[in-house]
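Biologist: Can you walk me through this model? Keep it simple, please.

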Amino acid sequence: MQIRINLITTDKIMVEKVKIYFRERQDLKFLYSDHPVPVEDTEIYIAPVQCIEKLSKYMREEKRELSIIFYGNSQFLRKAFLTGCDDYLKNPWTIDELAIRVTKIIGKIEKQYVFPWGVISIEGTDII
């Protein structure tokens with residue numbers, strides 16, 4: 001299964017860094033835009049905190065939970081989590097931080113939980 005991730009940014013340098021960092025990950029398909037793309041085309045949004053209202057509206061209209069990582073100033077952290085985001089990157093953040101948070105959300109989507117000693121996955125009523 002290929003996970004589609006929409007990185008919302010106008011920062012071309014950030015886009016290039018993400019492309020380079022994730023180029024080996026065949027399980028991820030990154031979309032880059034300056035606004036949220038339609039919900040059906042995305043499993044995970046990585047969005048500036050300024051997109052809170054627009055993504056909240058999508059969640060209400062589509063009646064669907066979205067996996068969202070917001071990024072921005074620390075003063076918006078509380079508002080972002082109260083809106084329902086999965087994680088938050090406080091400025092300045094690194095691509096390594098982003099990769100860890102994306103991996104965590106993918107595990108949640110695939111119902112896998114990664115620990116230092118191994119992986120637990122849930123398949124129906126079985127825990128593996």
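Modeller: Start with Ala 47, which stands opposite Phe 70 in E4. This is a predicted model: local features need pLDDT of at least 70, side-chain atom pairs count only at pLDDT 80 or more, and totals for chains, interfaces and linings use all residues. Residues are numbered from 1 along each chain as its sequence is written, and side-chain values use heavy atoms, with hydrogens and water left out.

Biologist: What does E stand for, and how do strands pair?

Modeller: E marks a strand, a DSSP run of at least two residues; helices are H or I runs of at least four, and numbering starts from the N terminus. Two strands pair if DSSP finds at least two bridges between them.

Biologist: In which sense do E3 and E4 pair?

Modeller: Parallel, over five bridges; E3 covers residues 44-48. E4 also runs parallel to strand E5 (residues 87-90), with four bridges joining them. There, Gly 72 stands opposite Lys 90 in E5.

Biologist: Which residues point which way?

Modeller: Ser 67, Ile 69 and Tyr 71 point one way from E4, and Ile 68, Phe 70 and Gly 72 the other. In a regular strand the side chains alternate between the two faces of the sheet.

Biologist: New topic. How many helices and strands does the chain have?

Modeller: Four helices and eight strands. Of the 128 residues, 40% count as buried.

Terms used. Buried means under 20% relative accessible area, exposed over 50%, partly exposed in between (1.4 Å probe, protein chains only).
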